[in-house]
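User: I'm new to this one and would like to know what the labels rest on. Could you walk me through them?

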Amino acid sequence: MGTSEFRPKPPRATSAPACAPGCAVPAASPAACAGAPHVSEPTSYDALLLLGFGGPEGQDDVLPFLRNVTAGRGIPDERLEEVAHHYRHFGGVSPINQHNRELKAALEAEIAARGLDLPVYWGNRNWMPYVDDALRAVHADGHRRVIAVATSAYSSYSSCRQYREDLADAMEATGLAGEVEIDKVRQFFDHPGFVAPFVEGIRDGLAQVRERGIDERDVEILFSTHSIPNSDADRSGPPERGFGPGGAYVAQHTAVAEAIVAELGTTAPWQLVFQSRSGPPSVPWLEPDINDAIAELPAAGRKAVLIVPLGFVSDHMEVLWDLDTEAMETAEEHGLFAVRTASPSTHPAYVSGLVDLVEERLHATPVEERPAVTSLGPWYDVCRPGCCENKRLGFQPALAGVAP
């Protein structure tokens, strides 16, 4: 089974929509168009646009989906099939689309409970419904000002700027420039609503370890996130922040992990690890790989490992395969008791936190009143010039940020 009426995703935009006089951010609301880091004027929105990565929903979808993901790189189908077996192992179905349907429903319920009039639309980067499908539906329903929420918490090309490029691609594909305004909420890596489910999950995981008679000092907490090329990591975040090697991407993950450990007050050692590396071996990516890290734990006296999917908002394919399958097998091979903690998914604190982010823009909450569990935040409402460049592609047209 699969999607019978496949169509490719929209082509890359050739340019960003022209800015209004005196503005620096294409297609932005009046409150955001001047490009200030944090918006200080209340803004009314007609709709919320949930931005997802997308995934196949049947065996026939797998290769077309992977072609979408790797578009422009010239990767032959034979190499794509090496990745496809992860999806084929699960019947060709990625859980990510269903997760986003559930998140959409949870957001709608939370929005209704708060008495807000804000319909929710959903569009994907790499599978139907695409972002341009959602944007057409938004416009057809009479909405003209949209607040976007991406299902990604951190700063990097793939986790932030590429979603902003998707918005520019959709705007050009639909011809709606000048018809629709689009803002985007800040990156929420250190918002309490995103962090709380991880704290809860680790607390439960440590309890499972103690039930096995293992001391906390003998368990290692591995905070895992998606590896990206070192060159992209180094370019993540605003250049003027001077994050150094690993950029904002590594700094944000590290700061959140530190905040979680401090809140728990645990004596368990921990480290930040990476997963889901792809691309040629000649290109350096962030390390250590989670499996390499697990393999070294017995020599350090560890008896158990807690695997925390810190870089992910739901249990999609990278969690099911790289963590629940490969990492768990590695732990078993090395005689370690292993627990994988839950991702935020539709945890009430996470859903509530996302709506809080929307309300920040509705009410222009002062920066000093915005919650953040690290000293790095609260992050920017409007992405800064030169933020999260892709070394291979350079800066492509993007919305919700000041042009480089």
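Analyst: Let's start with the second largest pocket, which holds about 170 Å³ of space. Of the 15 residues lining this pocket, Ala18, Ala20, Ala27, Ala28 and Glu181 are the closest to its centre. Keep in mind that the model is predicted, that local features need pLDDT of at least 70 and side-chain atom pairs count only at pLDDT 80 or more, while totals for chains, interfaces and linings use all residues. Residues are numbered from 1 along each chain as its sequence is written, and side-chain values use heavy atoms, with hydrogens and water left out.

User: What makes something a pocket, and what does the volume stand for?

Analyst: On a 1 Å grid over the protein atoms alone, a pocket is an open set of points with protein on both sides within 12 Å along at least five of seven lines, whereas a cavity is a set where a 1.4 Å probe fits but cannot get out; lining residues have an atom within 4 Å of a point. Grid points are joined across faces, edges and corners, and the volume is the space filled by probe spheres set on the points.

User: How does the lining of the second largest pocket divide into nonpolar, polar and charged?

Analyst: There are 12 nonpolar, 2 polar and 1 charged. Ala, Val, Leu, Ile, Met, Phe, Trp, Tyr, Cys and Pro count as nonpolar, Asp, Glu, Lys and Arg as charged, and the others, Gly among them, as polar.

User: Why is Ser94 called buried?

Analyst: Buried means under 20% relative accessible area, exposed over 50%, and partly exposed in between (1.4 Å probe, protein chains only). Ser94 has 5% relative accessibility, so it counts as buried. Ser94 sits in the loop between α2 (77-89) and α3 (96-113); helices (H or I, at least four residues) and strands (E, at least two) are DSSP runs, numbered from the N terminus.

User: What is Ser94 in contact with, leaving aside its neighbours within four places in sequence?

Analyst: Its partners are Gly55, Pro56, Tyr87 and Met317. Contact means heavy atoms within 4.5 Å.

User: And Tyr163, is that buried or exposed?

Analyst: Tyr163 is buried, because its relative accessible area is 4%. Tyr163 belongs to helix α5 (residues 157-174). Not counting residues up to four places away in sequence, Tyr163 touches several others, including Leu51, Phe53, Arg125 and Ser158.

User: Where does Asp166 lie, then?

Analyst: Helix α5 holds Asp166 too. With 11% relative accessible area, Asp166 is buried. Beyond four places in sequence, Asp166 is in contact with Arg125 and Val131.

User: UniProt also lists His226 and Glu318 for "binding site". How do you know that they gather at one spot?

Analyst: That listing again comes from an unreviewed entry. The two span 93 residues in sequence, yet no two of their C-alpha atoms are more than 8.2 Å apart, so they gather at one spot. Leaving aside neighbours within four places in sequence, His226 is in contact with Glu318, and also with Tyr249, Phe274, Gln275, Ser276 and Phe312.

User: Why is His226 called partly exposed?

Analyst: The relative accessible area of His226 is 24%, so the residue counts as partly exposed. His226 is part of strand β5 (residues 219-226), whereas Glu318 is in helix α10 (residues 317-333).

User: Which side chain makes a polar contact with the side chain of Glu318?

Analyst: The side chain of His316 does, at 2.8 Å. A polar contact is a pair of N or O atoms within 3.5 Å; within protein, one must be able to donate a hydrogen and the other to accept it, and residues adjacent in sequence count only if both atoms are side-chain atoms.

Definitions and conventions. UniProt positions renumbered as here; feature names shortened; annotations may be inferred.
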